[in-house]
Amino acid sequence: MQHLIRGARDLRADIFRGVALWFIFINHIPGNWAGWFTTRNYSFADATEVFVFLAGYAGGIAYGKLMEREGWFFAASRVIGRVGTLYVAHIFLFVVFTAQVGFSAATLDRAIYLDELEMDPLGSDPYTAMLMALLLLYQPAFLNILPLYIVLLLLFALALPLIGRPWLLLGLSFALYVLVRALGINLPSWTGGGWFFNPLAWQLLFVCGVVIGYAPPGRAALALPRRRWLIALALAFLIPSAAVMLAAWHAPQLLAEIPGPWTALLQSVDKAGLHPLRLLSLLAMAYLVVCYVPRDAAWLRSSWAQPLVLMGQQALPVFCVGIFLSFLGRIALEKSDGFAMQAAVNILGFLVLFGVAVIAAWYGQKVRGGRAAGAAQPLPAAMRTDTA
Amino acid sequence: MLRRSLLPILLAAATAPGAGAQPAALPSLSACALPPDLIDPARLPRTRAALERGRLRILVGGSAEPTGTATALYHARLREALNALLPQVEVTVEARGRRGATAGEVWTLLEAGLASFRPHLVIWQTGTVEAARSLELGEFVDKLSEGITRCRIAGADIMLLEPQFSRFLRANADIERYRDAMRLVAAAEGIPLLRRFEWMRGWAEQGLDLERVGQADRPAALARLHECVAQAIAAQIHASTRP
């Protein structure tokens, strides 16, 4: 498997992205026992935050390099090319997923699938629904992460010239975040209620990733200083958050007894607008990882880490297949919820995701190998770096 | 390697007894047991007056089609449950609804029913569609308050009926915020909240679980569930109209 892994990358980003994709698969199966071990149980941030942050991080590395070598127009064109790939993948997933859910709802006589996954507008007004889906204004459940990513990359293409001035970029991004949250601005949605993930708020997390990942010409990427007090601060935030979240899931009556405004604060933690507690959780976790996991840590190359690294490197196909599989998993658990089925769903699910990553990596390598052999000049490394 | 070490577990899982669907017998749940703290203390004065006169008309509205096999629908069972509980009262139940209807859309259907059917009691089922589409919470609350006020002006009592228990909504849709909003509105308006989510979670723990029942047992489980919901609503009406 080692030869399928692209080793010149920051494997920390790849493995955590692999874990995030795995958790997204797990969390999308209601009633999955493995769901009790994913980050959302002990942190305000769940897999989506990890995914978006690392997308920014990888984007900062790859497109930053391209930017300095080829200029803004070329780098932005590459980003837009990536947006095209994501868009096609999203529409394909939309068709596959709606067909899957619609067929299952009809065959198993479970209209509730259509209601819960927001598929009923497609049934009552199919022509408008198709148009709205193409415009990204109609996003059934689970089909809202790729549209977020698409808009984030579009904004990134525009913001690329600022990549060399990280503080300005961060400042503008933060200002937009504050403004959007204060005024309640969101992109419109056909079914009402705005986007499930508001890109205008989530861009801050993406930009944090970009700024940390970007290496200015001739220099290393921004090195986060390792300070004891910062580590203590991160822990002082993460440990009580973990306690609160565990209580919220397992003993809500305990939580209700905490005096003061805490329960009200907890209830206000929204996902659509990337609540500050979610943002801080992810940044604190990322800081601890940067402090305690060196880039060249040996375990990142160990054989048990390899499947997750590989999944992280082939994020787009793994994500799409994961959405499809998670619904199959849901049907399986509704058929039988015993230990055997729970184990089978999770183990088979993981193996299929891993298999998809292996095939995608192998195929990508063949294509790149053929292209490099045929072309007079091999492509620059940055152009071969996927960011999703 | 990973694959090699996982294979035995996989095989074990596939061959373990009971790996397929096991049609476990439905639990009896003879009383559709309902903890007393899940009954709301709020009162229904107009319904009480109607009971004293011996006639009760109930209008039910929600985000489901009010058609289907009559025995399987909870509003059809509600009449039976009330007949058993209040044999001297003539109960009529009418249902309005449309799949995927938001609170506002359900209210429009209910309002038409208010004029034509002149109910003493309205049961407004809502929240599922709002949670699934993460619709604006403030708008939802406004719609509820407005509907409750108009219902009062029309001379009828009203109860809010929570969404059904759903693992999906619990995990993926932030349903708690919408349930909290309904709880808040009901408390502020002094009307009973029918805590169906909580009821169904309790029944699911006792084995009556629509999301975990085999295909063959599903119709029976569905009918039983409607019966239990109907009995719980009847119990709430009974509790809210006691002298």
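## Bridges between the chains

Across the interface of chain A and chain B, the rule finds 3 salt bridges. One salt bridge joins Arg212(B) to Asp337(A), whose closest N and O atoms are 3.0 Å apart. Please keep in mind that this is a predicted model.

Polar contacts also cross the interface of chain A and chain B: 7 residue pairs are found, both residues being at pLDDT 80 or more.

## The side of chain A that touches chain B

Which helices of chain A each supply at least two residues of the side that touches chain B? They are H4 (111–116), H5 (120–124), H15 (315–335) and H16 (339–374). H16(A) provides the largest share, with 8 residues. By class, this side of chain A has 20 nonpolar, 11 charged and 8 polar residues.

Taking both partners together, 39 residues of chain A are in contact with 33 residues of chain B. The two chains bury about 3300 Å² between them, and 57% of that is on carbon and sulfur atoms.

## Two cavities

The count comes to 2 cavities of 30 Å³ or more by this rule.

About 40 Å³ of space lies in the second largest cavity. Here Asp115(A), Glu118(A) and Asp120(A) form the lining together with Val129(B), Ala132(B) and Arg133(B).

Note on methods: Residues are numbered from 1 along each chain as its sequence is written. Chains are lettered from A and ligands numbered from 1 in the order in which they are written. This is a predicted model: local features need pLDDT of at least 70, side-chain atom pairs count only at pLDDT 80 or more; totals for chains, interfaces and linings use all residues. Side-chain values use heavy atoms; hydrogens and water are left out. Contact means heavy atoms within 4.5 Å. Buried area is the accessible area (1.4 Å probe) that two parts lose on being put together, summed over both. A salt bridge is a side-chain nitrogen of Lys or Arg within 4 Å of a carboxyl oxygen of Asp or Glu. A polar contact is a pair of N or O atoms within 3.5 Å; within protein, one must be able to donate a hydrogen and the other to accept it, and residues adjacent in sequence count only if both atoms are side-chain atoms. Helices (H or I, at least four residues) and strands (E, at least two) are DSSP runs, numbered from the N terminus. Ala, Val, Leu, Ile, Met, Phe, Trp, Tyr, Cys and Pro count as nonpolar, Asp, Glu, Lys and Arg as charged, and the others, Gly among them, as polar. On a 1 Å grid over the protein atoms alone, a cavity is a set of points where a 1.4 Å probe fits but cannot get out, and a pocket is an open set with protein on both sides within 12 Å along at least five of seven lines; lining residues have an atom within 4 Å of a point. Grid points are joined across faces, edges and corners, and a volume is the space filled by probe spheres set on the points.
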